[in-house]
Amino acid sequence: EGNLPSGDLGLHYRAGFGNGRHANIARAGDAGDINGDKAWMVQIGAKPRNVQGLDIGAGLYSDEITLPGIPTIEETTLSLHAALTRERPEVIVEYFHSEHDAVGGASGEVDAWYAQFAYRLKGDRSAWKPYARIEKTDVDDLDPLLGGSGLDYDASVLGLRWDFNAYAALKGEYRNEEFANAGRENNFRLQLSFVLTGL
């Protein structure tokens, strides 16, 4: 990884080569690759110096997957992101498009994206940060790798974060979501996060 000569545009890159999918495709590559064909990835991004907190970029990932009983699958994933990581406002958008092509067989696509908007309140209310988020994952039913696995997902989220201490925060959120096209659900979640100092 490194920076590219680009002046105020702030171009940077990353490249990698290593383990791809495990036999359990939900596991990370550090558990071992299912075959001898290694995965590779490249990313390029920009952090313009004249727009504080802005980070945009694109990436490409490729792997070959061999699972028992099905033809070898070639996986290619394109990713795009744009993030404005200020407190007032914070805007993050990410999009992923994966193609799975079985050698001599079926092919399918997966599209997934989310967008989040947050804004830290001002003055005496600066400990509070409301946010909204939408998420969607759409998997082709005939996708040779992930089709029929029930991964379709659609959600709308409203939340509020309270930083009541420099080292701790409480977050509450309401979620309206649908898993695998099985009808929408409503739920509420609370999350406490904190930093352990002196370790």
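1. Strands here are DSSP runs of E with at least two residues, numbered from the N terminus, and two strands count as paired if DSSP finds at least two bridges between them.

2. A word on the source before going further: this is a predicted model, in which local features need pLDDT of at least 70, side-chain atom pairs count only at pLDDT 80 or more, and totals for chains, interfaces and linings use all residues. Residues are numbered from 1 along each chain as its sequence is written, and side-chain values use heavy atoms, with hydrogens and water left out.

3. Moving on from β2, eight bridges join this strand to strand β3 (residues 39-46), and the two run antiparallel. Here Gly 16 finds its bridge partner, Met 41, in β3.

4. The whole sheet is open and contains 11 strands, in the order β1-β2-β3-β4-β5-β6-β7-β8-β9-β10-β11, with antiparallel pairing. Its edge strands are β1 (2-3) and β11 (184-194), each of which pairs on one side only. As a reminder, strands of a sheet pair through backbone hydrogen bonds, either parallel or antiparallel.

5. Further along, have a look at strand β7 (residues 107-118) and strand β8 (residues 128-139), which pair in the antiparallel sense over nine bridges. Val 110 has Val 139 in β8 as its bridge partner.

6. Now to the charges: the whole structure holds 13 salt bridges, each being a side-chain nitrogen of Lys or Arg within 4 Å of a carboxyl oxygen of Asp or Glu. One of them joins Arg 120 to Glu 87, with the closest N and O atoms 2.3 Å apart. Arg 120 lies in the loop between β7 and β8 and Glu 87 in the loop between β5 (73-85) and β6 (90-102), so the pair ties together parts 33 residues apart in sequence. Arg 120 is buried, at 13% relative accessible area, whereas Glu 87 is partly exposed at 33%. The cut-offs are under 20% for buried and over 50% for exposed, with partly exposed in between (1.4 Å probe, protein chains only).

7. Arg 189 is partly exposed, with a relative accessible area of 41%.

8. Salt bridges with shared partners also build one network out of Glu 87, Glu 90, Arg 120, Lys 129, Arg 161 and Asp 163.

9. Finally, which residues gather in a patch of negative charge on the surface? They are Asp 37, Glu 74, Glu 99, Asp 101, Glu 109, Asp 138, Asp 140 and Asp 141. Patch residues have over 30% relative accessible area and no salt bridge, and like charges are joined within 9 Å. Asp 140 sits in the loop between β8 and β9 (153-165) and is partly exposed, with a relative accessible area of 33%.

How values were computed:
Helix = DSSP H or I, 4+ residues; strand = E, 2+ residues; numbered from the N terminus. Patch = residues over 30% accessible without salt bridge, like charges linked within 9 Å, V, L, I, M, F, W, Y side chains within 5 Å. Areas by Shrake-Rupley, 256 points an atom, 1.4 Å probe, with all protein chains shown as cover. Lys, Arg positive; Asp, Glu negative; His and termini not counted. Charge placed at Lys NZ, Arg CZ, Asp CG, Glu CD.
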